[in-house]
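Here are a few friendly notes to read alongside the structure. Keep the picture open and look for each item as you go.

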Amino acid sequence: MTSPTLKRTPLYEAHVDANAKLVPFGGWEMPIQYSSGIRAEHEAVRTRAGVFDVSHMGEVEISGPDAEAFLQHVYSNDVTRLAVGGAQYALICNEDGGVLDDLFTYRLAPDRYLTVTNAANHERDVEWLRSQAGGFDVEVADVADSYAMLAVQGPVARELGQAIADSPLPGRMQAARRILLGREALVCGTGYTGEDGVELLLDPADAPAIWEDLLRRGATPCGLGARDTLRLEVNFHLYGNELSTDRNPIEAGLGWVCKEDTGFIGSDVVRRAREEGTAQKLVAFKIDGPGIARQGNPVVDGGEVTSGTMSPSLGVGIGMAYLPAERAAVGERFQIDVRGKLRSAVVAARPLYDKETDGPRQLSG
Amino acid sequence: MAPASYPDDLLYHPDHDWARIEDDVATFGITWFAQDALGEVVFFDPPEVGSAVTAGEFYAEVESVKAVSDVIAPLTGEIVEVNTALADTPEAINEDPYGAGWMVRVKLSEPGQADGLLDSDAYVAML
């Protein structure tokens, strides 16, 4: 099952001790679930707090006098609107407007940024950034080995994080240095679950102590399986599923993170796609009846499922798919060929899981 | 989830399926090992009563949160009953794989095939 070439996070031993099921993911040996199971982990994040080891994700530090101008050139969003202490979501596009990666960037100082990459894209991202840096006074440093990363997510996640911090935690879409249990960390008000929470960028040597302490305080250890069901319920994109170099940001529904006036690489293609429309559009869907569609299942009369699972919160099959643009409106019905069986699906409003209407009821009295 | 077990009164197929034979009818299901590898089952797509199953070939699909898997028939015959309760409680496949998690009953057309299946000790030895 295991391969000697897979990388392990500083929490590998902790995962083994917790009876995690470990699987290869993006070149890493990662926990897909622990003994309580994906649905229990999912529910813990929706109702209390879960902690994920996401140390497989990569980090790149971009610094120098031209750091802002350089990132404005390579990232799709308007980097000048990212203040020190802030966070911003953006894409890297190639010249054809295809998506190379989607990533969060934190501005640590006026001339210093930290970007978190997808594990499977990390090396390509670093190479790409370096190859585009000519003419800019900037340094692109691969600092993936300097960080472990934990995501603490759920309605009480912030409380748990606060309990081990020396001062108030940064708010949503903010990032700040804090001391956690006597150890320095970059605390970020970001996440991938649709719940409140924080992501912690840590010295790898500090990660096990902080992980153990969060578990002791009641956080449920959660694996990549629950991370996927949680993100899919709120329709966050996953690179390799919804995003690839074959898709542009407009058809993926990510026009809101593209500011073509900045002139970023690929912006002319994005501008054209925005003005002229795209042949296909990414939609969220629910299965109407039994069954689950999966990534790669074809849509009858055109299109393809990019992600699919059984929604633990909603109890129905859900997913995302590219559909012909003229049939992508909410309420449109379509058929998916699930291994030779036709399943009915309906385009649904995003997010599929809405905390206000689908969330756990508050106990009264 | 139930603890690991492999009852002595069943016969096992190497693809992690079991058969409980009573005269010329057998009940099929998947083993504890199979349900553990699969993870939490969220959907069971049953075959139709009256359809034929062939030893070593798949006759149903079982979906976990993670993936879809084929269920392999340990013996050949015709389906005479399916466990319709699994439509509402697919988790029974995890919680009680040899009881409430049974999948189909099959009228055997080649009962002699049972000689080719494994007993509990032999199956456990290959895990």
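Predicted model: local features only at pLDDT ≥ 70, side-chain atom pairs only at ≥ 80, totals over all residues.

1. Chain A holds 9 helices and 18 strands. Its radius of gyration is 20 Å, close to the 21 Å that the globule rule gives for 365 residues, so chain A is as compact as a globular protein of that length. Along the principal axes, the C-alpha atoms of chain A fill a box of roughly 55 × 55 × 50 Å.

2. Now look inside chain A. Of its 365 residues, 50% are buried. Among contacts in chain A with a separation of 6 or more, 67% join residues 24 or more positions apart.

3. Next, find helix 2 (residues 38-47) and helix 7 (residues 224-233) of chain A, whose axes come within 9 Å and cross at roughly 55 degrees. Because of that angle, helix 2 of chain A counts as oblique to helix 7 of chain A. The crossing of these two helices is right-handed.

4. Which residues meet where helix 2 and helix 7 of chain A touch? From helix 2 come A:Ile38, A:Glu41, A:His42 and A:Val45, while helix 7 brings A:Gly225, A:Ala226, A:Thr229 and A:Leu230. Sorted by class, this contact has 4 nonpolar, 3 polar and 1 charged residues.

5. Finally, turn to chain B, where 9 residues are in contact with 13 residues of chain A. Strand 4 (residues 41-45) of chain B gives the largest share of the chain B side, 3 residues. By class, that side has 4 nonpolar, 1 polar and 4 charged residues.

Terms used:
Residues numbered from 1 in each chain as written. Chains lettered and ligands numbered in written order. Axes fitted to C-alpha atoms, helices over the stretch in contact; angles between N-to-C directions. Helix = DSSP H or I, 4+ residues; strand = E, 2+ residues; numbered from the N terminus. Parallel < 35°, antiparallel > 145°, perpendicular 65-115°, else oblique. Left-handed = near helix turned anticlockwise from the far one by under 90°. Contact = placed C-beta atoms within 7 Å. Nonpolar A, V, L, I, M, F, W, Y, C, P; charged D, E, K, R; others polar. Rg over C-alpha atoms; globule rule 2.2 N^0.38 Å. Buried ≥ 20, exposed ≤ 12 C-beta atoms within 10 Å, placed from the backbone.
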